[in-house]
Structures are given as structure tokens and as C-alpha cells.
Amino acid sequence: MTLERRSLFAMGAGLAAGLAEARPAGATAAADLPDGSRTLRNLIDRLAKAPRRRDFKTVPMILDRSDLWDQEALSEVIAYKGGPRQVWDNTDIGGPWLNLMRNALNNQVWSFKHPDFLAASATHGSANIALYDQAMWDKYQLTKLAGEAFKTNTLLVPKKAAQAEAANYQDPAGMFSPENNTIPALMARGVVFLSCHNAIWEQAALIRRDLNPDKLSHEALAAELTNHLIPGIVLTPGAVGTLPELQQSGFHYAK
């Protein structure tokens, strides 16, 4: 395993355990990009350098200033000129969303020979809960929102398949198989996960109604959730409102 892949594996394990992150909020590794993916690699490098504000005290219901979301990173995604480009409308944490994006990625890279294919997840609804770190899952008992199938945020936990030999892409239990359907694994392959502020706002309302140990206002609780998005996530003012921006720039819609 390469040093980059070891780092990614450790990152996912740390997130799942609720460990503190020492890296900047915008940093993410992209260790398993396909050979020849120059444009995609350049995008991932720029996204890693793009700032992510995660020091909010309060946030409003409607984000009306670009400093309230990850404007620089989002602009990089919208302006991406490699391709093809596909944006997934992902709403159900328990649905097949990670598997579908993995399949699309595999087909584009190996079937159609498009190493610069970019998949983006417009993540909202219960799927957005998977983008919070384990600290939020523990503090606010997010299993109640995610469903009993998710006692913890298992979509962040690296699997054994992540350590498999990358050259053997046909391995039915390997790195590119259903055995490796996790958010860190897809991030390492260049998938960009976009978080929805509207989903954060609505989830903050539900949490505040049922469990609010710090007696936070709605605005402050939404800010705390925002501050605990996992590293590498791109915060948007809203998934459904961002979808047209991506489609206008050439992203193909998938549900």
C-alpha cells in the first residue's frame, strides 16, 4: 500500500472513531486516481487547497453571501472542463448511492476509457447525515435520523478491500468492488461530495426538538453541524439549488 493510501485509510478510521482531525478542513487525499487522469488530478489538488470555513457560530436559514458556503471549492467543481461529468442526486443514506457512483466510475474509467471522469454527489436528505463526523453522531444520536441500520456512521469506516492491490481492478472482492463502498474510498478516486445547507438546517431543527444538551439556537446548532462536516466535503447553499448550476456547466444528472 502506498503512503497516500495508508494515510487515507487512517483518515477514515479516525473519522469513524470520532478522532480530532489535524489537517485543514479542505484537505483530502486522492490516492487511487486512474492513470492518465491529469485534469481530474489537477482538480483534486485545487480542491485540497481551497478553503473551507468551519468556524461558524451561527448560520442563517438561507445562505445569501458566498462566504457562508465553500464558494471557491464549489466554483472549481462547476468550472471543471475534464469529463464526462456526472452529478448524482443522493437523498437516502440507506440507498445504493455509493454503489451506483462506484459502478459509474468503473464503467467510465475502464469500459469507456475516460480517466478524467468526474462524479459529484449532490448530497441531501438523510444521505447528508453520512457527511457529519462521529462526534456529531455521538452527541446528537444521529442514528435516530439515519435509521437503525446505522448504529454508527459506517459509511466512513474503511473496509479490508481498501487495502487490496489496485492493479487488479477485476477482483470481485477488491478495491473497486462492492466490498469497498465507502465515502473515503470514493473520495480517494476523485468523487466530490457536496453537502446541502438546507438539509443541515432541517436536520438541526429535528435535533433541537428532540436532543439539545447545550440549549443551542437553531442557527447555532446548524453552525455546529456545518463545522463538523468531514474533511474534503464541499458545502453548498443547497443541493437542489446547486444542481442547475452543475447541469448548466455540462454535468449529466443521475438519480
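In which sense do strands S1 and S2 pair, and over how many bridges? Strand S1 (residues 85-90) and strand S2 (residues 118-123) pair in the parallel sense over six bridges. The chain crosses from S1 through H4 to S2, and this β-α-β crossover is right-handed (with the strands pointing away from the viewer, the path from the first strand over the helix to the second runs clockwise).

This is a predicted model, in which local features need pLDDT of at least 70 and side-chain atom pairs count only at pLDDT 80 or more, while totals for chains, interfaces and linings use all residues. Residues are numbered from 1 along each chain as its sequence is written, and side-chain values use heavy atoms, without hydrogens and water.

Helices (H or I, at least four residues) and strands (E, at least two) are DSSP runs, numbered from the N terminus; two strands pair if DSSP finds at least two bridges between them.

| Partner strand | Sense | Bridges | Bridge partners |
|---|---|---|---|
| S2 (residues 118-123) | parallel | six | Asn-90 and Thr-123 |
| S5 (residues 252-254) | parallel | three | Gln-86 and His-252 |

Six of the six residues of S1 are buried (under 20% relative accessible area, with exposed over 50% and partly exposed in between; 1.4 Å probe, protein chains only). Arg-85, Val-87 and Asp-89 point one way from S1, and Gln-86, Trp-88 and Asn-90 point the other way. In a regular strand the side chains alternate between the two faces of the sheet.

Ile-183 touches Trp-97, Leu-98, Ala-130, Leu-131, Leu-155, Leu-156, Phe-193 and Ile-230, leaving aside residues up to four places away in sequence; contact means heavy atoms within 4.5 Å.
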